[in-house]
Structures are given as structure tokens and as C-alpha cells.
Amino acid sequence: MGDPRKHRSKFQRPPHPWQGARIESEKEITKKYGLLRKKEIWKMASLLREFKHQAKNLTMRTDPQSKKEEELLLKKMYSLGLLDQNGKLENILDLNVSNILDRRLQTVVHAKGLARTPKQARQFVIHRHIRIDGKKMTVPSYLVKRSEENKLAFDVASSLQNPEHPERTIVKKGEVKEVQKKEVIKQEKKVEVAA
């Protein structure tokens with residue numbers, strides 16, 4: 001049997017369910033980043049809210065412990081790729097949800113050109129085709145650290161490692177007929193060889 005404690009949500013829902021402007025902006029974000037549901041936006045917004053809350057508290061304090069906490073927070077924000085090396089607490093307050101969404105594994109896979117669309121990037125991650133430093137990653141919302149960005153690649157056993165894989169090649173509208181002609185020629189050659 002497990003722990004009987006109450007499981008609490010990791011995010012905070014919007015205060016009112018029907019706000020037209022918020023709903024429209026969430027639709028645009030969902031399309032841009034290929035998110036499955038709006039809950040993913042709310043999770044990232046809650047995470048950003050925690051960072052901002054911590055930064056506001058640290059700006060008010062002057063004790064030695066606050067200096068250590070400030071250094072740790074800035075170090076964490078740098079490692080997540082949200083701030084530059086010379087970032088300050090005030091810069092944390094300038095961040096928005098899209099800054100955090102840009103650091104998600106799904107978005108980084110698409111940005112690196114390993115997938116054609118954000119939705120395809122999500123599919124590659126969930127289907128265990130992506131690895132970071134040799135470790136398979138299956139969580140699209142994983143926040144990629146700055147040090148891990150160059151270690152992102154297809155899994156060794158994945159068929160997607162081949163750049164000629166049909167899911168990786170980008171076909172433009174004018175090239176569709178040429179690709180279909182090539183496939184027909186290949187099939188005709190296979191039939192001739194079999195006969």
C-alpha cells in the first residue's frame with residue numbers, strides 16, 4: 001500500500017474558466033509548441049510563478065543566507081538556459097511562459113531540426129527515439145539544461161538516425177509528384193527483379 005497522503009496538483013488552474021483573451025492566447029501557444037493540452041501551459045506558468053516569487057523574496061532580504069540563495073537561483077536559471085551568465089534577479093521577473101516552453105525537450109528537438117513539426121517531435125520523444133547523453137528520454141516536458149543541449153540526438157537503435165528516413169525528409173508541394181514517380185519506378189524495378 002502506498003502513502004495515504006493527499007496528492008496535490010503540481011499547477012494552478014486559471015482563476016476563471018471563460019476568459020476569451022486567455023483562451024485565444026492559449027490556443028496560439030498550443031499550436032506553436034505542439035502541446036497536447038492546456039494543462040501543460042499551466043504547469044510551466046506555475047513553475048515560472050515559483051521562480052518569480054523566489055526572486056521577489058530574495059530582492060527584499062539582505063541577510064547572508066539570501067546571498068547564497070540568490071547565487072543558487074541564478075546558477076539554476078543559467079543552467080536551464082533561461083538567463084545569461086551575467087543575469088540578475090530582475091531578469092527573472094522579465095521572463096514569460098514562452099521562455100520556459102522554449103526549453104522543453106519537445107521544442108528543442110524541433111528547433112535542432114530532428115523533427116519537422118513540434119507534434120512530430122513530441123511523437124519521437126514519446127516513442128523513445130530521442131536520447132540525451134546516452135539516456136533515452138520519454139518526457140516531452142523535460143526542461144533541457146544548457147549542458148545537455150549538444151548531447152541531444154537520436155537513439156542508436158532508432159531507424160530515424162538515417163537522414164533519408166521518410167519521416168525526416170521535408171517534402172515541398174512541387175516535389176510530391178517527383179517523389180511519387182520515384183516510388184513507382186522502385187516498385188516496377190522490384191517487380192521486374194522478382195519476375
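Along the sequence, the protein runs α-α-α-α-α-α-α-β-β-β-α, which comes to 8 helices and 3 strands (DSSP runs numbered from the N terminus, H or I of at least four residues for helices and E of at least two for strands). Bear in mind that this is a predicted model, where local features need pLDDT of at least 70, side-chain atom pairs count only at pLDDT 80 or more, and totals for chains, interfaces and linings use all residues. Residues are numbered from 1 along each chain as its sequence is written, and side-chain values use heavy atoms, leaving out hydrogens and water.

Let's turn to the sheet. Its 3 strands form an open sheet in the order β2-β1-β3 with antiparallel pairing (two strands pair if DSSP finds at least two bridges between them). Because β2 (135-136) and β3 (152-154) stand at the edges with a single partner strand each, one side of each has no neighbour in the sheet. Strand β1, residues 130-132, is joined to β2 by 2 bridges in the antiparallel sense, and I132 sits opposite K135 in β2.

Now for the overall packing. Of the 195 residues, 31% are buried (under 20% relative accessible area, with a 1.4 Å probe and protein chains only). Among contacts (heavy atoms within 4.5 Å) between residues at least 6 apart in sequence, 54% join residues at least 24 apart.

Finally, consider the lining of the second largest pocket. Helix α2 (residues 39-60) gives the largest share, 7 residues. By type, the lining divides into 8 charged, 3 nonpolar and 2 polar residues (Asp, Glu, Lys and Arg count as charged; Ala, Val, Leu, Ile, Met, Phe, Trp, Tyr, Cys and Pro as nonpolar; the others, Gly among them, as polar).

Definitions and conventions: Buried < 20%, exposed > 50% of the residue type's maximum accessible area, 1.4 Å probe, protein only.
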